[in-house]
Amino acid sequence: MSELSVEHLLGIKYLKSTDIDLIFRTADHFKEVINRPIKKVPSLRDITIANLFFENSTRTKLSFELAEKRLSADVINFSAGQSSVKKGETLIDTVNNILAMKVDIVVMRHASVGAGVFLSKHVDAKIINAGDGTHEHPTQALLDSYSIREKLGSVKGKKIVIVGDILHSRVALSNIFALQLQGAEVKVCGPTTLIPKYISSLGVQVETNLKKALEWCDVANVLRVQNERMDIKYFPSTREYTQLFGINQEILDNLDKKIVIMHPGPINRGVEITSDVADSNQSIILNQVENGVAVRMAVIYLLAQQVKR
């Protein structure tokens with residue numbers, strides 16, 4: 001297989017395992033490229049990409065922009081805070097005005113669930129979902145799986161626990177879809193108030209005891225508590241959350257095996273994870289950041305091949 005089975009990257013649930021394999025093989029090539037002295041290739045010098053971020057983002061936006069520039073694409077950056085959206089312009093009008101400038105690919109982060117799917121039905125451009133509300137964040141899940149594959153050799157058969165705020169996390173849902181598609185076992189761990197009721201329908205087990213979850217897993221993907229998405233209190237205090245679900249070095253030292261620690265960022269040090277864990281040799285957090293550029297290069301490159309035809 002040399003091309004994706006989808007026309008857009010809207011969510012992991014629309015992908016096949018062969019798509020993920022193709023993205024990873026392409027990312028392997030680009031990872032070698034970005035570790036050269038000259039980190040740029042002319043692959044997409046005839047492609048224009050617009051980054052539309054209707055929600056604040058630092059890491060994802062920078063990662064996409066760097067990936068696009070490494071591929072020699074022309075890049076337009078759009079921030080809703082300084083745009084006509086503030087004046088009441090609709091999403092479709094905003095995007096169509098940008099597309100009138102002959103844009104080929106749109107990378108979009110939006111607070112509304114399904115915004116990317118909606119857009120893909122109304123505009124003539126390739127859409128990459130950079131996060132839609134509490135729904136999906138497909139490139140984060142891809143780079144997480146890619147990082148596990150790089151560290152452990154394969155994702156298939158591995159036991160992955162996702163720890164933290166599952167309810168408000170688009171990273172969690174995309175990771176569940178991606179890991180299961182590749183043959184991994186997945187559990188979630190966190191306060192019951194932060195575990196969605198539908199989780200068992202996805203074939204995911206729930207573990208509310210952190211120690212048991214860590215003893216079971218090969219990899220722990222630790223999520224932050226997303227206070228900005230909460231309109232009520234889901235647990236008594238941050239201190240209590242940290243006591244029950246925070247990962248520190250003492251907990252890891254008491255396990256009978258070495259596990260891999262991941263975090264999509266941003267990290268709330270001292271809350272869900274301590275600095276000594278985040279910076280330890282069991283952590284692959286910085287590897288995730290590096291791999292994010294290679295994986296996003298792969299996704300952009302593969303979708304751009306469809307534009308060129």
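The talk below goes through the recorded sites first, then the strands.

Mentor: Keep in mind that this is a predicted model. Start with the record.

Trainee: Where is R224 in the chain?

Mentor: R224 sits in the loop between strand 8 and helix 8, residues 238-245.

Trainee: Why is R224 called buried?

Mentor: Buried means under 20% relative accessible area. R224 has 19%, so R224 counts as buried.

Trainee: What does R224 touch, leaving aside neighbours within four places in sequence?

Mentor: R224 is in contact with D165, H263, P266, N268 and E272. Contact here means heavy atoms within 4.5 Å.

Trainee: Where else does UniProt place the feature "binding site"?

Mentor: The unreviewed entry also places that feature at R59, T60, R109, H137, Q140, G265 and P266. The lining of the largest pocket includes R59, T60, R109, H137, Q140, G265 and P266.

Trainee: Take T60. Why is T60 called buried?

Mentor: T60 has a relative accessible area of 4%. The cut-off is under 20%, so T60 is buried. T60 lies in helix 2, residues 59-70. Leaving aside neighbours within four places in sequence, T60 is in contact with F53, R109, A130, H137 and R296.

Trainee: And G265: buried or exposed?

Mentor: G265 has 17% relative accessibility. That is under 20%, so G265 counts as buried. G265 lies in the loop between strand 9 and helix 10.

Trainee: How do you know that the side chains of R269 and S275 make a polar contact?

Mentor: The limit for a pair of N or O atoms is within 3.5 Å. The side chains of R269 and S275 are joined at 3.1 Å, so the pair qualifies as a polar contact. Not counting residues up to four places away in sequence, R269 touches S275, A278 and D279.

Trainee: How far apart are R269 and K102 in space?

Mentor: R269 and K102 are 43 Å apart, C-alpha to C-alpha. In sequence, 167 residues separate R269 and K102.

Trainee: Now the strands. What makes strand 3 mostly covered?

Mentor: Strand 3 covers residues 105-110, and six of its six residues are buried. I105, V107 and R109 point one way. V106, M108 and H110 point the other way, and all are buried.

Trainee: How do you know that strand 1 and strand 3 pair?

Mentor: Pairing needs at least two bridges. Strand 1, residues 48-53, and strand 3 have five bridges, so they count as paired, in the parallel sense. N51 stands opposite V107 there. Five bridges also join strand 3 to strand 4, residues 126-132, and these run parallel. H110 has D132 in strand 4 as its bridge partner.

Trainee: Why is strand 5 called largely enclosed?

Mentor: Four of the five residues of strand 5 are buried, so strand 5 is largely enclosed by the rest of the structure. Strand 5 pairs with strand 6 in the parallel sense over five bridges. V161 stands opposite K187 in strand 6.

Trainee: Which order do the five strands of the open sheet have?

Mentor: The order is 7-6-5-8-9, with parallel pairing.

Trainee: What makes strand 7 and strand 9 edge strands?

Mentor: Strand 7 (205-207) and strand 9 (260-262) each pair on one side only. Neighbouring strands of this sheet are turned by 25° against each other on average, direction ignored. Helix 5, residues 138-152, packs on the sheet and touches strand 5, strand 8 and strand 9. The direction of helix 5 makes about 160° with that of strand 9.

Terms used:
Residues are numbered from 1 along each chain as its sequence is written. This is a predicted model: local features need pLDDT of at least 70, side-chain atom pairs count only at pLDDT 80 or more; totals for chains, interfaces and linings use all residues. Side-chain values use heavy atoms; hydrogens and water are left out. Helices (H or I, at least four residues) and strands (E, at least two) are DSSP runs, numbered from the N terminus. Axes are lines fitted to C-alpha atoms, for helices over the stretch in contact, and angles run from 0 to 180 degrees between N-to-C directions. Buried means under 20% relative accessible area, exposed over 50%, partly exposed in between (1.4 Å probe, protein chains only). A polar contact is a pair of N or O atoms within 3.5 Å; within protein, one must be able to donate a hydrogen and the other to accept it, and residues adjacent in sequence count only if both atoms are side-chain atoms. UniProt positions are given in the numbering used here, feature names are shortened, and annotations may be inferred rather than shown by experiment. On a 1 Å grid over the protein atoms alone, a cavity is a set of points where a 1.4 Å probe fits but cannot get out, and a pocket is an open set with protein on both sides within 12 Å along at least five of seven lines; lining residues have an atom within 4 Å of a point.
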